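The model is shown first.

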Amino acid sequence: MSSSTLSRQTSQPRTTRSPGIKAGLSLRRSRDTLNGWAFAAPFLIFFLVFLIWPILYGFYMSLTGKSLTGANDTLIGFSNYAEAFADAGMWRSLGNTLYFTVISTVPLVLIALVMAALLNIGLPAQWLWRLSYFAPFLLASTVVSLFFVWMYNPQLGLINDFLSKFGIAKVGWLNDPNVAMWSIVIATLWWTVGFNFLLYLAAMQNIPVQHYEAASLDGAGAWRQFFSITMPQLTPTTVMIVLLQILASLKVFDQIYQMTGGGPGGSTRPVVQYIFETGFTGYRLGYSAAISYIFFGLIVLVSALQFVITRRRSV
Amino acid sequence: MATTTLTRSTPASGSRQVIRQPRKKLTVGKIAAVTVAAFIAVLWLIPFAWATVTAFKSEADASASKVSWFPPSGFTFDAFVNVFQAGNIPLWTWNSLYTSAAITAITLVISALIAYALSRIEFKGKKVLMVVIIAAIIVPPPVLMIPLFYQMLAFKMIDTSWAIILPQVIHPAMVFVLKKFFDQIPHELEEAAVMDGASRLRIFVQIILPLSRPILAAVAIFVFIGAWNNFLWPFISTNDDSLLTLPVGLQTIKSAYGVQYAQNMASALLAALPLIVVFLFFQRQIIKGVATTGLAGT
């Protein structure tokens with residue numbers, strides 16, 4: 001490295017500025033390229049081995065008839081995909097996933113907003129409210145499932161017992177195919193709404209107080225202030241929360257697998273469970289990988305929409 | 001603003017009204033708000049309360065057809081005793097603890113290093129690198145489970161803790177959270193060190209890291225909670241009973257003692273306890289963590 005510094009110095013003898021600085025800069029630049037990649041390397045190694053490689057390898061698997069029992073690496077082209085598109089089970093699980101996403105996103109955003117708006121008024125004992133709304137988010141899905149399976153129990157469960165006091169007949173919360181997905185949504189709402197609530201609360205507390213002071217001087221009441229000041233200021237947050245929520249809901253698996261196992265009669269089975277089952281219970285890794293990629297395509301589509309929407313907003 | 005107040009409230013009585021009105025509205029509104037907030041809070045606490053009551057019941061009381069908040073034969077620690085004697089809860093808690101801690105530590109080190117490079121160092125290929133990592137944010141982990149499992153089989157890591165830990169250390173979104181924070185640190189702070197010929201690593205360790213404690217804590221908490229609660233990947237990558245993490249272990253308990261309600265609730269509560277305690281201690285940091293990492297994640 002010192003030799004290159006020297007040659008640079010001699011090749012530019014006419015510069016009036018100290019040649020040492022220029023040489024130093026270029027030296028630093030080449031050293032920086034080395035430094036940059038050295039700093040990036042540890043992450044990149046994990047990134048390549050545990051993210052990029054599985055993505056590529058998964059795609060390759062989806063083009064083979066690979067099974068968990070005997071290795072069969074022969075390429076069979078896109079026939080796994082053709083089979084998947086004709087597979088009623090896959091469509092049903094995709095439909096269940098989309099249904100869950102639609103009916104869970106609305107309450108998960110709206111109730112989070114209501115919770116944050118209530119706390120933003122400045123109630124006493126903030127920590128108590130925050131704790132009770134957010135604490136479920138800290139639980140593992142297994143714990144949440146144990147809680148709710150117990151409360152949903154048709155005979156011994158708290159919820160049916162409570163309803164019976166109003167003369168409401170026993171509901172098969174997790175056994176009735178028409179109700180089961182809603183029961184999962186309720187459990188999911190309880191479990192995860194606290195995260196969205198905190199995002200909303202943080203955004204609300206960033207709105208300058210002067211806006212409200214000015215509005216109240218102009219005679220705007222609390223409702224008026226909420227709809228004319230808070231909501232518009234929250235638009236970017238709302239867009240972000242809705243999109244994060246959609247992406248999170250599309251990945252649903254844990255609580256459904258643990259509470260209903262996808263039942264009754266496959267009425268709650270999400271696509272992630274279908275991928276899991278074709279791969280690990282059905283031993284068809286190649287086919288399972290193909291369904292993963294169809295699901296991935298869906299996620300990419302939603303993310304692309306997100307990108308377009310947020311781009312349009314920022315321009 | 002002060003002038004508008006003055007002009008509006010020139011009559012003495014008017015000025016009083018201006019001050020009083022919002023107060024009055026606020027108190028009425030506040031009572032309504034407290035009521036609604038309390039109603040939601042009670043709803044949100046009921047599952048915890050019901051699980052706790054059940055855990056302190058005898059199995060007979062728990063499975064009695066008459067639902068009761070106060071069990072006829074009184075409260076008992078039997079369920080907890082049984083869980084400790086029969087189950088592996090302490091072992092699984094330990095497994096969860098050290099795998100989550102390892103995931104958090106590795107994530108922090110490798111993410112902070114690359115975030116520093118992306119933020120402070122000009123190097124060839126940086127832009128391409130950024131685009132690739134941003135794109136990786138959208139990759140949903142379930143899509144990777146099949147190839148990752150196969151890869152772990154090939155590495156002979158299935159049924160080792162490595163299988164649980166290694167694939168969970170890549171958090172592209174966290175890299176950008178850290179990068180954004182590093183971007184805000186004034187360059188003047190490191191210029192003196194550069195003049196003195198300090199190496200990049202030294203600047204990173206001695207100047208950047210100490211200034212970044214809040215964001216490092218936020219990322220650590222976020223990653224730790226995620227790792228502690230992750231179910232799908234540990235479930236796929238381990239079968240060995242002695243390696244199970246708490247969420248996966250609980251799932252096996254549920255199938256093994258399907259009808260023992262008091263015992264199930266006792267295990268669930270024991271599993272929930274560590275993070276709830278952590279939350280009570282680090283409430284402010286956790287909330288900040290969710291707010292900053294969640295917001296900056298996109």
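The text below treats the interface and then the helix.

This is a predicted model, in which local features need pLDDT of at least 70 and side-chain atom pairs count only at pLDDT 80 or more, while totals for chains, interfaces and linings use all residues. Residues are numbered from 1 along each chain as its sequence is written, chains are lettered from A in the order in which they are written, and side-chain values use heavy atoms, without hydrogens and water.

**Interface**

Contact (heavy atoms within 4.5 Å) joins 101 residues of chain B to 92 residues of chain A. Together the two chains bury about 8,800 Å², 81% of it on carbon and sulfur atoms; buried area is the accessible area (1.4 Å probe) lost on being put together, summed over both parts. In chain B, the residues that lose the most area to chain A are B:W44, B:I146 and B:Y150, together 9% of what that side buries.

Between chain B and chain A there are zero salt bridges, a salt bridge being a side-chain nitrogen of Lys or Arg within 4 Å of a carboxyl oxygen of Asp or Glu.

| Class on chain B side | Residues |
|---|---|
| Nonpolar | 80 residues |
| Polar | 14 residues |

**Helix α12 of chain A**

In helix α12 (residues 271-281) of chain A, nine of the eleven residues are buried, that is, under 20% relative accessible area (1.4 Å probe, protein chains only). Among them are A:Y274, A:F276 and A:F280.

Methods:
Nonpolar A, V, L, I, M, F, W, Y, C, P; charged D, E, K, R; others polar. Buried < 20%, exposed > 50% of the residue type's maximum accessible area, 1.4 Å probe, protein only. Helix = DSSP H or I, 4+ residues; strand = E, 2+ residues; numbered from the N terminus.
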